[in-house]
Amino acid sequence: MFVKIKDILAGKYPDGEEVQVGGWVVKNRSSGKIVFTVIRDSSGEIQVTTKKGNVCDDALREADALSLEASTIIKGKVRTDPRAPGGRELVATDVKIVGASRDYPIFGEGHNPEVLLDLRHLHIRSKELVAIMKVKDSVLSSCREWFRASGFYEVTPPIIMSSSCEGGSTLFELKYFDEKAYLSQSAQLYLESLIFGLEKVYSVTPSFRAEKSRTTRHLAEYWHIEGEMAWVGLYEMIDMLEQLVSYVCNKTAEERHEELRMLGSDPEYFKNLKPPFPRITYDEAVKILQADGFDFKWGDDFGTHEERQLSMHYDKPLFITEYPLEVKAFYMKDAGNAKVLNVDMIAPRGFGEIIGGSERETDLALLEERIRKQGEDPAKYGWYLDLRRYGSVPHSGFGMGAERLVRWICNQEHIRDTIPYPRTISRFNP
Ligand SMILES: NC(=O)C[C@H]([NH3+])C(=O)NS(=O)(=O)OC[C@H]1O[C@@H](n2cnc3c(N)ncnc32)[C@H](O)[C@@H]1O
Ligand SMILES: [Mg+2]
């Protein structure tokens, strides 16, 4: 049926061989007797030259009528031509329009981002967004490879929940039959229940955060890669995270070298990213900020500016550990000295937090007290607290934002272009 454009450009078919391609029109210029067309398929773009005498009159008329984003089937002979983009072109022997496209609304440059978001169902076929989605495909598949090779089981936790995991301020409420329920902020609490049978589990699920802020790194719906491991402490988990992130970056840069270059990223950096990554404590991070002139008060959490500033000191992802207990979630293990055994991984060059994780609090009384201190009723976490009553074990886990990771790897200014249909405070359509 169809051959792929990238295989033609790679020289898989000798000059003169007739092949057939199915694709969409990127450009079309006609002078009546000769038509120059650029078509694309999922693998790339190629120039097609349709000449009077090479094709029947119907096919010449079809070629002449090709318009932006019309779908077409083109039969043609491969021809090496250094002047053609990619070094090869097709000399058409037959041209058919499959789906007409009149007045396609996205052409040229400089469109208003909100207009492009209104037309996301069309813009999603653009070269840049297609490249980013291919990178995301590699990120997700290499994550799964690493987890499976590391003895993790993929599980499918619920998305509809009865309580929060990351605090009530970012919960989406939904009417669940006659009850009130919430959309998942994180699969964590359920993953913790699954380690008592499977020991090491992971999930890739949508997480929902009713973020009131408009930032370049927050979505209201994002894809959350989470892992949970029995018998593993915080620092052993950080060793594993270095391996996971390095593997995913190396593999993705290997597979999507061209796409990353086209997006203005540096595939060589990600291909060569290896452990160890720098590790500092929260206290050390505060000292760095204060030395850099930040008026930062010990006890506060780091925001975008602090994370950006800290990341400028390192050219690899930075692990920051042991934050003050007061500013972190109830489930994080008390380290003593008013700290918790948690870790955030901050990407270099200001791309911010990619991973949040911790060792989990296993002391039942402490956990109930922390839940109360966060203004919640321990009774709402009855099932979760049972995990501490029956055969509890030391365990740790983490959450990695897929879109945050893709934004860093693809060097994208805004997180909205790392997901096909971004959901933010001002948009949930199309
Ligand atoms: N299993 C766990 O231990 C995960 C834990 N319960 C959790 O949800 N941590 S987190 O809130 O830091 O979110 C984890 C990551 O999830 C990403 N994240 C977190 N919030 C967002 C938003 N709003 N948009 C996009 N990405 C987001 C970001 O990379 C964070 O580091
Ligand atoms: Mg976090």
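Reader: Which residues come nearest to ligand 1?

Author: This is a predicted model, in which local features need pLDDT of at least 70, side-chain atom pairs count only at pLDDT 80 or more, and totals for chains, interfaces and linings use all residues. Residues are numbered from 1 along each chain as its sequence is written, chains are lettered from A and ligands numbered from 1 in the order in which they are written, and side-chain values use heavy atoms, with hydrogens and water left out. A residue is near a molecule if one of its heavy atoms lies within 4 Å of it. Of the 24 residues around ligand 1, those that come nearest are Glu166, Gln188, Glu226, Glu353 and Ile354.

Reader: What share of the accessible area of ligand 1 does the protein cover?

Author: Polar contacts (pairs of N or O atoms within 3.5 Å; within protein, one must be able to donate a hydrogen and the other to accept it, and residues adjacent in sequence count only if both atoms are side-chain atoms) include one of 2.7 Å between a polar side-chain atom of glutamate 166 and a nitrogen atom of ligand 1. The side chain of arginine 209 places an N or O atom 2.8 Å from an oxygen atom of the ligand, and a backbone N or O atom of phenylalanine 398 lies 3.2 Å from a ligand nitrogen atom. Accessible areas come from the Shrake-Rupley method with a 1.4 Å probe, and for residues only the protein chains shown count as cover. Of the 620 Å² that ligand 1 has on its own, the protein covers 94%.

Reader: In what order do the eight strands of the open sheet lie?

Author: Strands (E, at least two residues) and helices (H or I, at least four) are DSSP runs numbered from the N terminus, and two strands pair if DSSP finds at least two bridges between them. Strand 10 (residues 200-208) and strand 11 run antiparallel, joined by nine bridges, while seven bridges join strand 11 to strand 18 (residues 395-401), also antiparallel. The pairing in the sheet is mixed, and the order is 6-10-11-18-17-16-13-12.

Reader: Which residue of strand 18 stands opposite glutamate 228?

Author: Strand 11 (residues 221-230) has eight of its 10 residues buried, that is, under 20% relative accessible area, where exposed means over 50% and partly exposed lies in between (1.4 Å probe, protein chains only). In this strand, glycine 227 has tyrosine 202 opposite. The residue of strand 18 opposite glutamate 228 is glycine 397.

Reader: Why do the buried residues of helix 12 line one face, and within what arc do they fall?

Author: In helix 12 (residues 364-373), the buried residues are Leu367, Arg370 and Ile371. The arc is that of the directions from the helix axis to the C-beta atoms. Seen down the axis, these residues line one face because they fall within an arc of 100°.

Reader: Which residue caps the N-terminal end of helix 12?

Author: On the other side of helix 12, Ala365, Arg372 and Lys373 are exposed. At the N-terminal end, a side-chain oxygen lies 3.0 Å from the backbone nitrogen of alanine 365, and the capping residue is aspartate 363.

Reader: Is threonine 418 buried or exposed?

Author: Threonine 418 lies in the segment after helix 14 (402-409). Its contacts (heavy atoms within 4.5 Å), not counting residues up to four places away in sequence, are Ile132, Met133, Lys136, Glu403, Val406 and Arg407. Because its relative accessibility is 0%, threonine 418 counts as buried.
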